[in-house]
Amino acid sequence: MAIFSMGDHIILFLFLLVTSLRIRAAEARAFFVFGDSLVDSGNNNYLVTTARADSPPYGIDYPTHKPTGRFSNGLNIADIISENIGASEPPLPYLDPALYGPRLLVGANFASAGVGILNDTGVQFVNIIRIYQQLQNFQQYQQRVSAMIGPREAKGLVNQALVLITLGGNDFVNNYYLVPYSLRSRQFALPTYVKYLISEYQKILNRLYELGARKVIVTGTGPLGCVPAELATRSRNGECSPELQQAAALFNPQLIRILQKMNSQFGSTVFIGANTQQMNNDFITNPRAYGFVTSKVACCGQGPNNGVGLCTRFSNLCANRDIYAFWDAFHPSEKANRLIVQQIMTGSIKYMNPMNLSTILAQDSFI
């Protein structure tokens with residue numbers, strides 16, 4: 001009869017553990033998230049920064065009914081995409097100490113509220129995870145996973161993963177138009193600034209490709225001039241701010257064109273453009289058709305349109321978040337986020353270029 005020592009049992013246990021992790025990595029599609037406050041799930045909670053959403057009433061409709069660091073009353077876009085792709089849970093913030101072991105295989109959220117394409121965007125927030133640091137964290141993540149399941153399996157996990165990146169809005173709202181005669185607005189006319197942003201964004205996307213990303217959803221900016229914050233401070237007669245609307249109108253088509261160019265260079269559909277400007281415009285221009293009573297007033301805030309300052313426990317707070325398109329001065333409500341993700345999943349070429357996420361998942365199932 002074979003006799004096993006304690007050392008043999010430990011070796012067998014470790015072998016079975018690594019084998020099970022490799023099987024899990026092969027079966028599940030990891031999800032990685034990069035960008036700003038539209039998709040940050042709590043990284044900024046671990047930073048000394050003013051760009052935080054870790055106090056009530058943020059999270060009032062989250063399953064725990066507690067603030068999580070998401071700039072939402074509940075779930076954000078990344079969370080809802082996770083639901084739709086059948087993930088066991090949304091990827092944890094990269095700075096969350098709970099992100100270790102098998103949970104690493106789910107993916108990770110590297111996003112940080114306040115960041116932009118440019119490093120000088122969001123300087124007023126002091127300490128945020130700028131996009132190139134997010135990419136460095138992604139590289140570090142891969143080293144951790146490689147040590148756990150092996151280099152070949154780690155590479156496969158990243159190559160097969162879904163990636164979401166959301167950048168650009170802050171480069172206008174919290175940079176170019178942050179103050180009158182800002183440094184960037186004196187340096188560039190708006191059309192030249194947009195071209196500069198697109199060229200810098202291309203470098204970021206190229207680096208993401210170098211790090212192994214092969215299916216990347218890239219969102220455009222929303223209708224920047226129509227958020228409650230801009231209606232409160234820039235609006236003439238309650239209309240969307242024309243300057244910020246022009247910025248979005250210049251930026252988004254150029255982003256789609258550069259994604260198409262990059263896909264052509266790589267010889268495959270790596271980058272998928274999400275027309276979040278149109279997705280938002282649908283319920284902003286006709287809120288009642290989507291069950292909202294208003295798209296001009298935030299649920300949480302103060303001042304005109306509830307669009308001045310931060311959402312705090314002392315702010316005005318609506319009773320029913322589902323009838324407000326905007327949760328706070330800048331961010332959509334969970335219900336609005338669900339409408340956006342519905343178009344990401346199944347929208348036509350008007351919303352998703354060259355294809356929606358459901359088509360990508362269906363194609364991948366035949367590979």
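Visitor: What do the buried residues of helix 2 pack against?
Guide: They pack against strand 1, strand 2, strand 3 (162–166), helix 11 (334–346) and helix 12 (357–365). Contact means heavy atoms within 4.5 Å. Helices (H or I, at least four residues) and strands (E, at least two) are DSSP runs, numbered from the N terminus. This is a predicted model, in which local features need pLDDT of at least 70 and side-chain atom pairs count only at pLDDT 80 or more, while totals for chains, interfaces and linings use all residues. Residues are numbered from 1 along each chain as its sequence is written, and side-chain values use heavy atoms, leaving out hydrogens and water.

Visitor: Why is helix 2 called largely enclosed?
Guide: Buried means under 20% relative accessible area, exposed over 50%, and partly exposed in between (1.4 Å probe, protein chains only). Six of the eight residues of helix 2 (residues 77–84) fall under the buried cut-off, so the rest of the structure largely encloses this helix. The buried ones are I77, A78, D79, I80, I81 and S82.

Visitor: What makes helix 5 mostly covered?
Guide: In helix 5 (residues 169–176), eight of its eight residues are buried. They run G169, N170, D171, F172, V173, N174, N175 and Y176. Their cover includes helix 6 (183–187), helix 7 (190–210), helix 8 (228–233) and helix 9 (242–266).

Visitor: How much of the protein chain is buried?
Guide: Buried residues account for 54% of the 367 residues.

Visitor: Which elements make up the secondary structure of the protein chain?
Guide: There are twelve helices and eight strands.

Visitor: Why is the protein chain called as compact as a globular protein of its length?
Guide: The globule rule is 2.2 Å times the number of residues to the power 0.38, and the radius of gyration is taken over C-alpha atoms. For 367 residues the rule gives 21 Å, and the radius of gyration of the protein chain is 21 Å, so it is as compact as a globular protein of that length. Along the principal axes, the C-alpha atoms fill a box of roughly 90 × 45 × 40 Å.

Visitor: What makes strand 2 and strand 8 edge strands?
Guide: Two strands pair if DSSP finds at least two bridges between them. Strand 2 (107–109) and strand 8 (352–353) each pair on one side only. They belong to an open sheet of six strands with the order 2-1-3-4-5-8 and mixed pairing.

Visitor: How do you know that strand 1 and strand 2 pair?
Guide: Three bridges join strand 1 (residues 31–35) to strand 2, and the two run parallel. The cut-off is at least two bridges, so the two strands count as paired. F31 stands opposite G107 in strand 2.
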